[in-house]
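Subject: Structure handover

Hi,

Here is the structure I said I would pass on to you.

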Amino acid sequence: MTLRSDQIVEFREQGLLRVRGVLNPEDLQPVIDEIAEFIDRRALQLHQDGKITDLHTDEPFQRRYGLLFGQSREMGKGLDIMQMLGPRMFNFLHTESLLDTLESLLGREITCNPIQHLRAKPPDEFEPQTGPSFHMAPWHQDAAVMMPEAENSDVITCWMPLLRATPEMGCMEVMPGIVGDGYLRHQKEGGTTIVEELLPQQQATVMDCEQGDIVLMSRFTPHRSRPNLSEHCRWSLDLRYQPTGQHTGRTGHPDFVVRSQDPANRISHDEWKRLWKDAQDNPRGVVGHRAT
Ligand SMILES: O=C(O)CCC(=O)C(=O)O
């Protein structure tokens, strides 16, 4: 789905754009199935190890993970894109309608930035929130999780739920219109967050999304997580894309071309896996956050 010119202007001015219905259920279902299979394997293993007692096999995808996580935090181990490295996730990162939308902003040569996550945000009853965490991001700009060298890279964050994400389920909260001032200083205390005196006093927008919607944010757009007060897990992906050739802000992890006029620039799933495993087994380059 390409963007209209008013949507492009809105994104550039506000640093925020929710685009409805970019993805079809058929785009997302293979990824959901891949995750459900992972959960099944992990739950069986933990059951064999005596770490969980109830497999909750009859529960739907949105409910099961929380019920398992509530019994053992180890359910969450390895449950991220660069750990699972699944073929269906790799295909999803190339979804045509998603790239068509991004092409409206980034041009025709598009790279997938290695800062990308799958977040399985369980209901708070299974993970009481005592402070910032992977599931409870405080106010930050994504520029803060990149090296300063990427300050001028047009990295666009692309957040999307795998199913629905309502305010009660802990969808994101975003401040529109904060792009012109660039990077705001962040601190590590409190989990990579904008220092209090620099936090813009701007009314935040609650980004509830239906399945298929995506939220696009600039690297300077402040955003944070909301608590999950529902009974369902909030499943989401936060991906980042950029024009090919610009600095990724994460030299220690592999980026790869997802759209190009020259098909030779594309890589295979096997190569993607190899690059990630090599980065994990032989760490080099910068992987950390910019916040000091
Ligand atoms: O998914 C969330 O709740 C937070 C995501 C986030 O902070 C990000 O994509 O940078």
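This is a predicted model: local features need pLDDT of at least 70, side-chain atom pairs count only at pLDDT 80 or more; totals for chains, interfaces and linings use all residues.

**The ligand**

Let's start with where the ligand is: it sits in the largest pocket. The residues around the ligand are Arg119, Ala137, His140, Asp142, Trp159, Met172, His223, Ser225, Arg234, Ser236, Asp238 and Arg240. Sorted by class, that shell has five charged, four polar and three nonpolar residues.

Which strand supplies the largest share of the shell? That is β10, with four residues. Both β9 (223-225) and β10 (234-243) provide at least two shell residues each.

- His223 has a polar side-chain atom 2.8 Å from an oxygen atom of the ligand.
- Arg234 has a side-chain N or O atom that is 2.8 Å from a ligand oxygen atom.
- Arg240 places an N or O atom of its side chain 2.9 Å from an oxygen atom of the ligand.

As for cover, the ligand on its own has 290 Å² of accessible area, and the protein covers 98% of that.

The largest pocket contains about 490 Å³ of space. Its lining is made up of 28 residues, and Arg119, Phe134, His140, Val145 and His289 are the closest to the pocket centre. Arg119 and His140 also belong to the residues around the ligand.

Elements giving two or more residues to this lining are β2 (110-121), β3 (156-161), β9 and β10. So which element gives the most to the lining? Here β2 comes out on top, with five residues. The lining of the largest pocket splits by class into eleven nonpolar, eleven polar and six charged residues.

**The cavity**

Rolling a probe the size of a water molecule over the atoms shows where empty space is left. How many cavities of 30 Å³ or more does the search find? There is one, and the volume of the largest cavity is about 30 Å³.

The lining of the largest cavity consists of Glu34, Asp80, Ile81, Met84, Leu85, Gly86, Met89 and Leu118. By class, five of the lining residues are nonpolar, two are charged and one is polar.

**Two backbone angles**

Most residues other than glycine have a negative phi, and most peptide bonds are trans. Against that background, two residues deserve a look:

- His56 is not a glycine, yet it has a positive phi of about 50 degrees. You will find His56 in the loop between α2 (25-48) and α3 (61-69).
- Leu85, also a residue other than glycine, has a positive phi near 50 degrees. Leu85 is located in the loop between α4 (81-84) and α5 (87-92), and it is one of the residues lining the largest cavity.

That's the lot from my side.

Cheers

Definitions and conventions: Residues are numbered from 1 along each chain as its sequence is written. Side-chain values use heavy atoms; hydrogens and water are left out. A residue is near a molecule or strand if one of its heavy atoms lies within 4 Å of it. A polar contact is a pair of N or O atoms within 3.5 Å; within protein, one must be able to donate a hydrogen and the other to accept it, and residues adjacent in sequence count only if both atoms are side-chain atoms. Accessible areas come from the Shrake-Rupley method with a 1.4 Å probe; for residues, only the protein chains shown count as cover. On a 1 Å grid over the protein atoms alone, a cavity is a set of points where a 1.4 Å probe fits but cannot get out, and a pocket is an open set with protein on both sides within 12 Å along at least five of seven lines; lining residues have an atom within 4 Å of a point. A molecule sits in a cavity or pocket if more than half of its atoms lie within 2 Å of its grid points. Ala, Val, Leu, Ile, Met, Phe, Trp, Tyr, Cys and Pro count as nonpolar, Asp, Glu, Lys and Arg as charged, and the others, Gly among them, as polar. Grid points are joined across faces, edges and corners, and a volume is the space filled by probe spheres set on the points.
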